[in-house]
Amino acid sequence: MHYNIEAVPARNVAGFHLVGPWEKTVPQGFQQLLLWVETHHLRPEEWIAVYYDNPDETPPERLRAATVVSVPAGFAVPENSGGVIHTEIAGGEYAIAHARVEEGNFGKPWLLFFNSLLGDDRFLPAPLPCFEVYLNDGNADGFWEIDMYIPVQKKSK
């Protein structure tokens with residue numbers, strides 16, 4: 001899979017922290033996020049899923065994720081926003097790849113991306129969360145266009 005290494009600025013985000021199998025919690029989290037965004041008349045620039053754990057090392061019931069939207073600097077969580085987190089996605093060097101997800105199979109492009117990155121002779125994944133940015137509404141279009149971000153660090157020689 002083709003990817004680029006880029007310096008990425010930190011992202012100010014707000015949304016919901018989730019624990020459990022990603023195939024269940026992430027869609028539910030986006031439903032909850034959509035309701036919150038609509039209720040508070042927000043206009044997010046980006047819709048993002050953040051993944052905190054390695055699914056090869058963490059049992060499904062303990063997998064952590066967040067469904068968030070980007071918010072401007074100085075954003076304050078509105079009243080009546082129970083459970084909403086306001087946090088930052090760390091900036092830094094990331095490997096970035098684009099994928100088209102069909103039939104809800106988000107795992108396939110991530111696996112291809114990680115396998116490609118693990119073969120890189122210059123960089124390796126850094127111990128920070130990965131995330132994906134949604135470029136369209138897959139519920140309306142029948143597919144999702146996403147950009148995937150894996151934090152990286154240079155390999156020591």
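Gly91 counts as partly exposed because its relative accessibility is 35%, where partly exposed lies between buried (under 20% relative accessible area) and exposed (over 50%), computed with a 1.4 Å probe on protein chains only. The model is a predicted one, in which local features need pLDDT of at least 70, side-chain atom pairs count only at pLDDT 80 or more, and totals for chains, interfaces and linings use all residues. Residues are numbered from 1 along each chain as its sequence is written, and side-chain values use heavy atoms, with hydrogens and water left out.

Gly91 sits in the loop between S5 and strand S6 (92-102); strands (E, at least two residues) and helices (H or I, at least four) are DSSP runs numbered from the N terminus. Leaving aside residues up to four places away in sequence, Gly91 touches Val8, Pro9 and Ala10, contact meaning heavy atoms within 4.5 Å.

Helix H1 (residues 22-39) comprises 18 residues and reaches 25 Å from its first C-alpha to its last, close to the expected 26 Å, which is 1.5 Å times one less than the number of residues. Its buried residues are Trp22, Thr25, Val26, Gly29, Phe30, Leu33, Trp36 and Val37. Seen down the axis of H1, these buried residues fall within an arc of 135°, so they line one face of the helix; the arc is taken over the directions from the helix axis to the C-beta atoms. On the other side of H1, Glu23, Lys24, Gln31 and Leu35 are exposed.

The cover over the buried residues of H1 includes strands S2 (11-19), S3 (47-51), S4 (64-70), S5 (84-89) and S8 (130-134).
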